[in-house]
Structures are given as structure tokens and as C-alpha cells.
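Colleague: I am new to reading protein models. Could you take me through one part of this one slowly, the place where helices pack against each other, and then show me how it sits in the rest of the chain?

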Amino acid sequence: RIPEYVKIVEVGPRDGLQNEKDIVPTDVKIQLIKMLAASGLPVVEATSFVSPKWVPQLADAKFVMEAIQDLQGAKFPVLTPNVKGFEAAIAAGAKEVAIFASASESFSKSNINCSIQESLVRYREVALAAGKLSLPVRGCAHFLFIYIAVVLANKTNHLKWLILENMHRYISCVVGCPVEGAIAPSQVAYVAKELCSMGCYEISLGDTIGVGTPGTVIPMLEAVIKVVPIEKLAVHFHDTYGQALANILISLQMGISTVDSSIAGLGGCPYAKGASGNVATEDVVYMLNGLGVKTNVDIQKLLVAGDFISKHLRRPSGSKAATALMKT
Ligand code: HMG
Ligand code: MG
């Protein structure tokens with residue numbers, strides 16, 4: 001029972017470009033976002049309003065957002081780690097924000113420089129501010145296949161923190177972390193349920209370091225689906241071990257219809273050791289086309305966007321489908 005339509009959330013301009021050694025010029029980012037939106041993608045995560053000292057690659061967030069103000073046809077959410085980032089995002093014209101947290105103390109510290117408790121307070125403030133403006137909030141659940149597991153299992157407070165981060169979009173460390181081991185599906189389900197009850201319109205389950213296989217993803221999803229309406233769930237797979245398409249396919253078979261991906265397979269998290277690129281958008285669209293699933297994305301236009309950014313970065317595309325299609 002694969003969905004007839006899948007919503008693709010393009011994260012390349014944010015997840016991809018946050019990880020580039022050489023900073024990509026603002027006009028290249030803007031051009032890329034325009035090309036991605038023109039290909040029919042319904043959501044393009046545009047940038048992050050984070051500290052420029054932490055992620056200098058996205059220090060031009062304000063200028064990127066201002067330049068795409070009048071762009072139609074797609075939504076352009078941005079990451080906001082605190083109220084300062086939230087306010088800057090709104091001032092620059094953002095209409096949707098995402099918070100991102102980890103259930104692991106160590107990952108929290110290395111990614112956003114605070115404890116889980118501290119981040120809980122910050123995200124409550126952001127959620128409140130977003131609520132006042134009636135801004136849609138997407139929860140990001142980074143289920144690092146190992147990181148969060150033990151922490152979640154042992155520390156209730158951490159779970160609460162995760163709930164808040166997900167209000168916007170992500171739960172991190174969904175399946176594991178490089179330090180702490182495997183996550184119990186029941187713990188992920190608990191967090192997802194809490195996030196859902198906080199009012200997130202969508203919860204993206206992220207395998208931040210790409211270690212999950214269908215063997216770990218299926219039980220995790222089975223547990224989450226029991227407590228969160230499936231239409232609220234999204235999946236976010238990094239492709240470190242080449243498992244992303246397999247994980248997406250089983251997610252679709254289980255009824256999930258929102259998938260995060262990144263043009264040319266760009267991506268990674270500077271503060272998640274071992275994380276490589278996201279699954280390539282071109283590969284996802286190629287697979288969905290083959291399955292007869294609608295995306296409204298024009299793969300030819302995607303190829304042009306992928307070629308544009310790969311040429312700029314002076315390296316071959318990380319998408320196998322794009323590489324093959326460009327030769328034919
Ligand atoms: P901090 O250094 O603890 O912040 O960083 P602070 O509050 O002590 O402030 C220090 C300085 O930063 C001050 O400036 C603040 O004004 C400034 P100074 O007085 O020194 O000149 N500052 C800011 N500037 C701009 N925007 C802001 C902001 N906040 C403070 N929002 C902080 C704490 C959270 C800011 C920092 O750790 C940070 O920016 N972290 C972001 C890390 C990041 O972006 N990671 C990647 C995204 S997560 C990911 O990729 C995973 C995901 O894809 C899902 C998956 O794969 O599973 C989402
Ligand atoms: Mg990511």
C-alpha cells in the first residue's frame with residue numbers, strides 16, 4: 001500500500017550547504033533555491049538562522065530569505081535554534097520554522113552547546129513565539145540510530161526536551177548514535193507521541209548518521225505509527241551506509257508519504273561525526289517515478305539544478321540516477 005502521492009521536502013540548500021568546506025556564494029544559493037522550486041518541489045528548506053560562528057556556511061541566511069520573498073509555488077522553512085534565530089527568521093520573512101534537538105546530552109552539547117534541559121527552555125520560548133504568530137511548526141526528530149537510545153531510555157527529562165524540538169520539525173538520533181548505542185523503538189514512539197500532542201503539524205524522523213537499515217527502521221516505525229497519525233510523519237535518511245532508498249521504500253510501504261531528500265545527495269551535519277549526505281532527491285524521484293507515485297517534480301529540471309550545484313562545487317553529483325540520466 002504505497003501512497004499515490006509523496007511530498008518531497010528538499011533539504012539541500014540547508015542540510016547540504018551547511019556542510020561544505022568552502023562557503024557557497026549567496027547568489028549561487030539563491031539560484032539553487034529558485035531552480036529547486038521551479039522543478040515542482042513543494043517544500044525547500046532554505047537556510048538556518050543559527051550562529052554564524054557555529055555554521056559560517058549559512059551566515060547569509062537573512063539575504064537568502066530576503067531574495068526569495070516573492071518566490072511562489074513552494075514553502076521555504078528555516079532552522080531556528082533559539083528565540084534570537086526565530087526573531088531574525090521572522091524579520092527576514094520566514095513563514096515556517098523548524099527546531100531541531102537531540103535526545104543525547106553529548107550530541108546536544110556538541111550541536112547546540114547546551115544541555116537538554118536548557119534547550120527545553122529555549123524551545124518552549126520559540127514554540128510560544130511561533131504560536132503567537134500562528135506559524136506552522138514542524139518537529140524534527142533526529143533519531144540518530146544510536147545516540148538517543150540510551151539517553152531516552154534512561155532520562156525522562158530528555159524525552160520532554162525532544163518533544164519541544166519536534167514542534168517545528170525534527171527529532172534527531174532516531175535510530176542510533178555513534179557513542180551510546182541502539183534506540184528502543186518504544187522510546188522513539190514515546191517522543192513522537194509527545195511531539196504530536198504539542199501540536200507539531202509534521203514530525204520528521206531523522207537518521208542523522210545514516211546507520212539505519214530496514215531491520216532497525218521497521219520496528220521503529222511500527223512503534224511510532226501506533227501512537228502518531230501516519231500522515232503527520234516524515235522520514236529523513238542520510239545515506240552513509242547506502243541504506244536510504246531501502247529505508248524510504250519500507251517507510252512508503254508502511255504508509256508514510258513525506259520524504260526529506262537533498263539535491264545531488266549533498267548533506268551532513270558538521271556536529272554529527274560520521275554523517276554523510278542525505279539521500280539524493282534525483283534518486284528518490286527516479287524511484288517514485290518507477291513506482292508510479294506522483295510527486296509533481298519534473299526530474300529534468302531537477303537534473304539541471306543538481307548539475308548546477310555540482311559544477312559549482314567542482315565534484316560529481318552524489319546521485320546515481322542523475323549521473324546515469326545525464327549520460328543518456
Ligand atoms: P552559543 O555559542 O552557546 O550561543 O551557541 P550564545 O547564546 O552563548 O551566544 C554566543 C554568540 O552567538 C552571541 O554573539 C549571540 O548573539 C550569537 P556574540 O555576542 O558572541 O557576538 N547567537 C546567534 N547569532 C545568530 N543567530 C542565532 C544566534 N544565537 C546566538 N540564532 C547556538 C548556541 C544554538 C546558537 C549554536 O550552537 C548554533 O548555532 N548551533 C547550530 C548548529 C547547527 O546548525 N547544526 C546543524 C543543524 S542540525 C542537523 O543538521 C540535523 C538535521 O538535518 C536532522 C537529521 O539529519 O537527523 C536537522
Ligand atoms: Mg540531516
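Modeller: Happy to! Let's start with helix α2 (residues 26–38), which packs against α13 at an angle of about 165 degrees, the two axes being 8 Å apart. Here an axis is a line fitted to C-alpha atoms, for helices over the stretch in contact, and angles run from 0 to 180 degrees between N-to-C directions. Helices (H or I, at least four residues) and strands (E, at least two) are DSSP runs, numbered from the N terminus. The angle makes α2 roughly antiparallel to α13; the cut-offs are under 35 degrees for roughly parallel, over 145 for roughly antiparallel, 65 to 115 for roughly perpendicular, and oblique for the rest. The crossing of α2 and α13 is left-handed, a word used if the near helix is turned anticlockwise from the far one by less than a right angle, with right-handed used if clockwise.

Before going on, a word about what you are looking at: this is a predicted model, where local features need pLDDT of at least 70 and side-chain atom pairs count only at pLDDT 80 or more, while totals for chains, interfaces and linings use all residues. Residues are numbered from 1 along each chain as its sequence is written, and chains are lettered from A and ligands numbered from 1 in the order in which they are written.

Back to the pair and its residues. The crossing of α2 with α13 is left-handed, as said, and the contact joins V28, L32, M35, L36 and A38 of α2 with K301, V304, A305, F308, I309 and H312 of α13. Two residues are in contact if their C-beta atoms, placed from the backbone, lie within 7 Å. By class, this contact has 9 nonpolar, 1 polar and 1 charged residues. Ala, Val, Leu, Ile, Met, Phe, Trp, Tyr, Cys and Pro count as nonpolar, Asp, Glu, Lys and Arg as charged, and the others, Gly among them, as polar.

Helix α13 (residues 299–313) also has helix α12 (residues 281–291) beside it: their axes come within 10 Å and cross at roughly 165 degrees. These helices are therefore roughly antiparallel to each other, and α12 passes α13 in a left-handed crossing. From α12, T281, E282, V285, Y286 and N289 meet I299, L302, L303 and G306 in α13. The residues of this contact divide into 5 nonpolar, 3 polar and 1 charged.

Now look at the loop between β14 and α12, where A264 is found. A264 has a positive phi of about 60 degrees although it is not a glycine. Most residues other than glycine have a negative phi. A264 is buried, with 30 other C-beta atoms within 10 Å; buried takes 20 or more such neighbours, exposed 12 or fewer, and partly exposed lies in between. K273 belongs to the loop between β14 and α12 too, yet K273 is exposed, with 12 other C-beta atoms within 10 Å.

Strands pair if DSSP finds at least two bridges between them. In β14, D260 is the bridge partner of V9, and V9 also stands opposite V43 in β2.

Finally, the whole: the protein chain has 14 helices and 14 strands, and buried residues make up 58% of its 328 residues.
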